[in-house]
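Please look over the sequence and structure below.

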Amino acid sequence: MGRNNKRDALNIIFHIPYKLDSVGSSGRMMRPYNLIKAFREEGHNLYLIEGDWKERQIQIKQLKESIKSGEKFDLLYSEASTKPTLIAEKDNIPKFPFIDFQLFKLCKLNNIKSSLFYRDIYWNLKEYKEYTSIFKRTILKCLYYLDLSMYNKYIDILYLPSMEMYEYIPFKFNGKVKVLSPGANISMRSKNNKNKKLNFFYVGGLGMNYDLELLCEVIVDTPEIKMTICCRKEDFEKEKERYKKFIERGIKIIHLEGKKLEEEYSKMDIGILYFKPSVFRRFASPLKLYEYVGQGLPILASKNTLAGKIVEKVKIGWSLEYEKEALESFIQQLLKNRDDFINKKISLIKKRGNFTWIKRTQQVITDFEELKNEET
C-alpha cells in the first residue's frame, strides 16, 4: 500500500450492506467504487466490509478479532443502501438483519469514529404515496426509521447529498450533519467540435422523473442543435411512443456504456439536467452532473433544483426557468453568442479539479481529523 504525501495513511473500515460490483457502473455502485479507488490512491489502508450477509458476517467477525488483538482502526466510512438495511440483500429478504448495526456498535465501543452517507429520503416525501401501496409504504417507513434511529445512536457524521435534504429527515440528528457530494472522474480526451451545430447530450433515466419532452420540443425546431439521449433500453421501450415524434425529427436515442459511452462524450458540447423542478430535485445531487463535469461539458439545468443551484453558483453552465419561452430564448442567445459556450467550458475545465473523488475522500479525512481534535 502506497504512502499519502499529504497525510499519514489511515486504517479505514469501508462498509456497504450489499455486494460491490467490479466496475462501479450503476448509480448505486458508482459512489463506493470510486471512493474506494480514491482512498487507496491517497495511500490509505482499507478494510472492506461488503457482500451478502454471510460475507459481511465473516468480515465483521474478523474485524472484531483484529481489534481484540490490538490492531488499530481510525475510522469507519459507510454508504447506506437506497433500500432499508434490513432488506438490502438482493432478494429483499432479511437473513441476519442486525449485522450491520452490530458493526456500528462495535466501532462505537472501540472509539472508532464513524461516518455514513445517506443517499435518499424519497420514502418520506408526499410523492412516494403515489407509487406505493399503503401496506408496503408502512412497512418500509418503519424499516427506514429504524435505520435512522441506529445512525443517530452510533454514527458521528451523517453525510447527505445536500443540506436541503436534512429538512426531510424526520428527527434531529445527534452528531454532525455534512454534505458529501458525488465526485468526478476527469477525462483527458480532447473534444474538438468542428461542426457548426452544438451537440446536446443527456445520459440517464427516461420516464417519470426524467421527462425530456419540453427540451425535445424546442430542439427539433432548432436545426443548429443536435440532441442525443443515452438511456437504458428498457427505459426507452416504456417511453418510445412519447418520443417517437421527436426521433422522426432528428432526436437520437442510444444505449451505450463504458468505453463506447466515453467515445460518445467526446463528440458532445453541453450536458443536460433540464427537468421540471420537484421536491426531490430540490435536494437530489445528480451523479450525472459530476459525470458531465469530468467530461468537460458545461451543463444546462433547471432553476429551483439543486443541480441548477450548483451550476449557477460555480458558473459551470446555465440555470433556466423550466418553461418553453425561457428555453427558446436561451437557445437563440446561445446560437448568437458562441463565446458564452466557450467561456463556460473554459471556466468548467479550470474548476473541475475541485470536483474529483479524491477531493471527496480528502474531505472525509479532514472531517475525521476535526472530530479527533475536538476530543483533545
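F101, F104, K105 and K108 in helix α3 are in contact with L146, D147, M150, Y151, K153 and Y154 in helix α4, where contact means heavy atoms within 4.5 Å. This is a predicted model, in which local features need pLDDT of at least 70 and side-chain atom pairs count only at pLDDT 80 or more, while totals for chains, interfaces and linings use all residues. Residues are numbered from 1 along each chain as its sequence is written, and side-chain values use heavy atoms, with hydrogens and water left out.

**Helices α3 and α4**

- The contact of α3 with α4 involves six nonpolar, no polar and four charged residues; Ala, Val, Leu, Ile, Met, Phe, Trp, Tyr, Cys and Pro count as nonpolar, Asp, Glu, Lys and Arg as charged, and the others, Gly among them, as polar.
- The axes of α3 (residues 99–109) and α4 (residues 134–154) come within 10 Å and cross at roughly 10°.
- That makes α3 roughly parallel to α4 (angles under 35 degrees count as roughly parallel).

**Strand β8 and its neighbours**

- Strand β8 (residues 225–230) is largely enclosed by the rest of the structure, because five of its six residues are buried (under 20% relative accessible area, with a 1.4 Å probe and protein chains only).
- Strand β7 (residues 198–203) pairs with β8 in the parallel sense over six bridges; strands pair if DSSP finds at least two bridges between them.
- V203 stands opposite C230 in β8.
- β8 also pairs in the parallel sense with strand β9 (residues 252–254), over three bridges.
- I229 stands opposite I253 in β9.

Conventions
Axes fitted to C-alpha atoms, helices over the stretch in contact; angles between N-to-C directions. Helix = DSSP H or I, 4+ residues; strand = E, 2+ residues; numbered from the N terminus. Parallel < 35°, antiparallel > 145°, perpendicular 65-115°, else oblique. Buried < 20%, exposed > 50% of the residue type's maximum accessible area, 1.4 Å probe, protein only.
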